[in-house]
Amino acid sequence: MKTKIAIACQGGGSHAAFTAGALQTLFENNIQDKFEIVSLSGTSGGALCAALSWYALKKGENPAAGRLLDFWKDNTAQTYQERLFNSFAINTLEFTSKGILPQFSTSPASQKFKKLMSFTTQTLGLRSGFTNFQELLEAHIDFQEVASWGVQPSSPVLLLGASNVLTGKLWMFNSSHEPIKVEHILASCAIPNIFPAVEIGEDAYWDGIFSDNPPITELTSPYFVGLENLPQEIWVIKLNPTRRDTIPVSPDDILDRRNELEGNVSLFQSLQSVERLNDLLLRGAFKDEFLHEMGVQHPIKIPKSFVEKEDKPYYIPFLEMSEDLQKSLNYESKLDRSPESINRLIEDGKKQAKTFLETRL
């Protein structure tokens with residue numbers, strides 16, 4: 001019987017190109033044949049990669065056949081004008097973070113901002129898909145086709161993390177509860193100072209980094225994924241570094257570290273919850289009939305580098321960036337769409353996934 005796995009993809013803007021590279025190698029090695037992928041979850045850029053993989057699997061495709069990397073190629077600055085626009089934006093952000101340039105705040109929901117983006121796109125001759133994220137998504141996922149599928153309770157289940165701006169609660173868009181829409185991915189990726197809140201019905205949503213980054217505990221809940229889709233292992237593709245060698249002092253370093261900590265806090269809280277349940281299970285704290293009702297037979301394996309003690313039987317390693325790459329990135333690089341940056345992230349993702357598989361298979 002195949003081991004049931006869930007793959008959780010952390011968010012981090014353009015850094016999620018690492019996730020695309022990692023998933024590319026995992027699927028090239030046909031993990032979908034060696035394991036039963038019961039669920040995929042993601043937030044922000046991780047939601048994007050999880051959704052592309054889920055869509056391919058549901059269509060009976062291998063996600064490594066091109067869907068993942070094709071998206072990131074289209075998302076990359078390709079023309080001279082796009083590279084110029086990207087460099088200007090990233091350099092301006094870096095100078096602002098360092099205090100060299102003053103910070104000007106503009107609402108992404110304002111008509112002035114929208115007109116400025118439209119003027120920039122037309123004047124510089126940028127591809128519309130380069131500045132229109134929804135158009136880019138719809139070029140790679142046929143959401144009308146997804147709508148025709150209806151609710152998808154069978155594996156793999158897709159969970160996308162978002163934050164409800166009005167209620168203040170975390171939210172999960174769930175393929176086993178409703179058809180996945182382009183608005184769901186847009187909501188999970190809606191960084192407040194870049195994108196306006198995504199309105200769905202009477203609610204509005206921002207980036208899922210404020211809630212679950214990525215969804216973890218929901219992957220272990222029959223309510224969210226169904227009894228038959230409870231995983232035995234959770235593979236976490238992690239973007240934000242855990243440790244830092246020095247105390248941040250300069251304004252830009254403080255911003256970088258704050259962003260890293262914000263990106264990790266919900267992940268570690270979720271993994272702590274799973275670890276606590278595992279410990280209670282191992283110590284016989286639950287009645288057999290309750291465990292049977294919940295579909296639980298054994299502890300769920302979680303990342304080894306998260307759990308402190310080495311004598312626990314439910315370890316697997318994180319799949320995360322090389323240390324050198326982590327140290328070379330900053331907050332602004334999460335918005336960098338230059339081919340050099342995106343390709344470097346993808347290649348490191350491929351390399352780290354290969355190492356991961358060597359230890360897991």
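User: Which residue forms a salt bridge with Glu82?
Analyst: This is a predicted model, so local features need pLDDT of at least 70 and side-chain atom pairs count only at pLDDT 80 or more, while totals for chains, interfaces and linings use all residues. Residues are numbered from 1 along each chain as its sequence is written, and side-chain values use heavy atoms, with hydrogens and water left out. A salt bridge takes a side-chain nitrogen of Lys or Arg within 4 Å of a carboxyl oxygen of Asp or Glu. For Glu82 the closest N and O atoms are 2.8 Å apart, and the partner is Arg127.

User: Is Glu82 buried or exposed?
Analyst: Buried means under 20% relative accessible area, exposed over 50%, and partly exposed in between (1.4 Å probe, protein chains only). Glu82 has a relative accessible area of 0%, so Glu82 is buried.

User: Which strand holds the salt-bridge partner of Lys238?
Analyst: Lys238 pairs with Glu320, with the closest N and O atoms 3.4 Å apart. Lys238 lies in strand β7 (residues 233–238), so the bridge ties together parts 82 residues apart in sequence. Lys238 is buried at 0% relative accessibility, while Glu320 is partly exposed at 21%. Glu320 belongs to strand β10.

User: Which helix does Asp245 reach through its salt bridge?
Analyst: The side chains of Asp245 and Lys327 meet at 3.0 Å, N to O. Asp245 is in the loop between β7 and α12, so its bridge to Lys327 ties together parts 82 residues apart in sequence. Both residues are exposed. The helix that holds Lys327 is α14.

User: How many salt bridges does the structure hold?
Analyst: One network of salt bridges links Glu233, Lys301 and Arg360. Across the structure, the count of salt bridges is 15.

User: What is the volume of the largest cavity?
Analyst: Cavities and pockets are found on a 1 Å grid over the protein atoms alone: in a cavity a 1.4 Å probe fits but cannot get out, while a pocket is an open set with protein on both sides within 12 Å along at least five of seven lines, and lining residues have an atom within 4 Å of a point. One cavity of 30 Å³ or more is counted. The largest cavity has a volume of about 90 Å³.

User: Which helix gives the largest share of the lining of the largest cavity?
Analyst: The lining has 13 residues, and those closest to the centre are His15, Pro241, Glu260, Leu329 and Lys334. Five lining residues are nonpolar, five polar and three charged. The largest share is three residues, and their helix is α12.

User: How many charged residues line the second largest pocket?
Analyst: The second largest pocket holds about 690 Å³ of space. Its lining has 29 residues, with Pro241, Arg243, Arg244, Gln326 and Lys327 nearest the centre. The largest share of this lining, seven residues, comes from α12. Six lining residues are nonpolar and eight polar; the charged residues number 15.

User: Which residues touch Asn259, leaving aside its neighbours within four places in sequence?
Analyst: Asn259 is in helix α12 (residues 251–282). Its relative accessibility is 12%, so Asn259 counts as buried. Contact means heavy atoms within 4.5 Å. With those neighbours left aside, the contacts of Asn259 are Asn240, Tyr331 and Lys334.

User: How many aromatic pairs does a search of the whole structure find?
Analyst: Rings of Phe, Tyr and Trp (its six-membered ring) pair if their centres lie within 6.5 Å; planes under 30 degrees apart count as stacked, over 60 as edge-to-face and the rest as tilted. Ring pairs link Phe35, Trp235 and Phe356 into a cluster. The search of the whole structure gives a total of twelve.

User: What kind of pair do Phe71 and Trp72 form?
Analyst: Phe71 is buried at 0% relative accessibility, and Trp72 is buried at 2%. Their ring centres are 5.8 Å apart and their planes meet at 80°, so the pair is edge-to-face.

User: What is the angle between the ring planes of Tyr314 and Tyr315?
Analyst: Tyr314 and Tyr315 are both buried. Their rings form a tilted pair, 6.3 Å centre to centre, and the angle between the planes is 35°.

Note on methods:
Helices (H or I, at least four residues) and strands (E, at least two) are DSSP runs, numbered from the N terminus. Grid points are joined across faces, edges and corners, and a volume is the space filled by probe spheres set on the points. Ala, Val, Leu, Ile, Met, Phe, Trp, Tyr, Cys and Pro count as nonpolar, Asp, Glu, Lys and Arg as charged, and the others, Gly among them, as polar.
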